Amino acid sequence: MAWIQSGFHLSERRACGLLRFSRSGARYVSHKDPQVALRLRLKELAAARVRFGFQRLTILLRREGWNVNVKRVYRIYKEEGLMVRTKLRKKIARRRPVVVAFPTGPNQRWSMDFVHDRLEDGRKFRILTVVNQFTRECVALKAKPRLQGSDVAEALDQAIRERGNPTSITVDNGSEFAGKVMDAWSDLHKVQLAFIRPGKPTENAYIESFNGRLREEFLNVELFRSMAEVTGKLAAWRQDFNHRRPHSSIGYLTPLEFAARNRQGPSPSLKVDRLGAGSVKGENALDPAGPQPLLLRCEGEGPSSDGLLREGIL
């Protein structure tokens with residue numbers, strides 16, 4: 001209204017009359033609470049958790065005692081310019097996805113893989129990542145300049161001493177997992193190594209998703225000067241991931257909270273609410289067809305030994 005008055009040299013009465021706008025509305029000044037304290041705390045959390053969106057930030061605020069809903073946080077989140085930049089992926093035609101059984105117990109199935117990064121001086125190192133498919137807990141993180149089958153077996157031995165044996169571990173076909181050391185380890189501990197098909201990382205989606213979070217929330221925001229620093233920061237991040245980070249696929253609980261709930265009785269499936277604590281439904285709520293094979297052939301593909309689960313047959 002002020003721009004119209006100054007640009008066309010009109011009085012307030014004339015301008016409001018032409019626009020059919022009330023003069024009281026033109027003079028109205030908002031008296032809503034600017035919520036300075038909430039804005040400052042939201043900006044602090046967003047600066048500390050640079051890859052967290054408004055939903056996870058809402059969970060963190062509620063844990064601190066803020067009585068806020070997701071719409072208010074989203075409005076302030078946008079006004080302060082805290083939006084997370086995401087890369088738009090090109091949509092391509094895909095085949096029918098492979099059906100994978102949903103794990104029904106906390107220690108039923110693990111997944112593991114490797115992540116690569118560099119120190120400040122350019123030296124490369126690798127990180128072994130192990131995740132519990134059901135509870136989404138980070139079971140193990142081990143970093144070394146070189147990781148071989150013996151290092152993998154050592155890390156798994158430590159994890160088993162803390163948590164017990166899993167039924168199976170989903171892995172790719174890398175030499176560290178498919179070699180003689182891991183073959184002997186699996187026979188000794190009676191743990192099945194479930195190999196995915198070559199070139200199909202989506203069949204180990206749990207660990208791929210975890211590796212993405214590790215890359216975005218930790219590796220891309222930290223600077224490492226030595227392997228000792230990598231080890232220390234990895235341990236702190238794993239502690240934070242398991243104890244504090246809300247996970248969207250388990251009802252925005254932390255992995256440890258979700259694991260504790262499911263150790264108290266039979267392993268139910270979880271129905272995820274948008275921002276609630278997650279409500280538990282009956283068995284097979286997410287897996288109505290019951291247990292399925294880990295790997296199935298896609299439509300249009302012929303039979304191949306690579307598409308079968310290695311259960312001692314191949």
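1. In this predicted model, helix H5 (residues 54-63) packs against helix H6 (residues 70-79) at an angle of about 120°, and the two axes lie 9 Å apart. The crossing of H5 past H6 is right-handed.

2. On the H5 side the contact is made by Phe54, Leu57, Thr58, Leu61 and Arg62, and on the H6 side by Val70, Val73, Tyr74 and Tyr77. By class, the residues of this contact are seven nonpolar, one polar and one charged.

3. Helix H7 (residues 149-163) has 15 residues, which at 1.5 Å a residue should span 21 Å; the C-alpha atoms at its ends are 21 Å apart, so expectation and model agree. Just after H7, glycine 164 has a positive phi of about 95°.

4. Which residues of H7 are buried? They are Gly149, Asp151, Val152, Ala153, Ala155, Leu156, Ala159 and Ile160.

5. Serine 186 sits in helix H9. Its relative accessibility is 8%, so serine 186 counts as buried, the cut-off being under 20%. Apart from neighbours within four places in sequence, serine 186 is in contact with Val191 and Leu193.

Notes. Residues numbered from 1 in each chain as written. Predicted model: local features only at pLDDT ≥ 70, side-chain atom pairs only at ≥ 80, totals over all residues. Heavy atoms only, no water. Axes fitted to C-alpha atoms, helices over the stretch in contact; angles between N-to-C directions. Helix = DSSP H or I, 4+ residues; strand = E, 2+ residues; numbered from the N terminus. Left-handed = near helix turned anticlockwise from the far one by under 90°. Contact = heavy atoms within 4.5 Å. Nonpolar A, V, L, I, M, F, W, Y, C, P; charged D, E, K, R; others polar. Expected span 1.5 Å × (residues − 1). Buried < 20%, exposed > 50% of the residue type's maximum accessible area, 1.4 Å probe, protein only.
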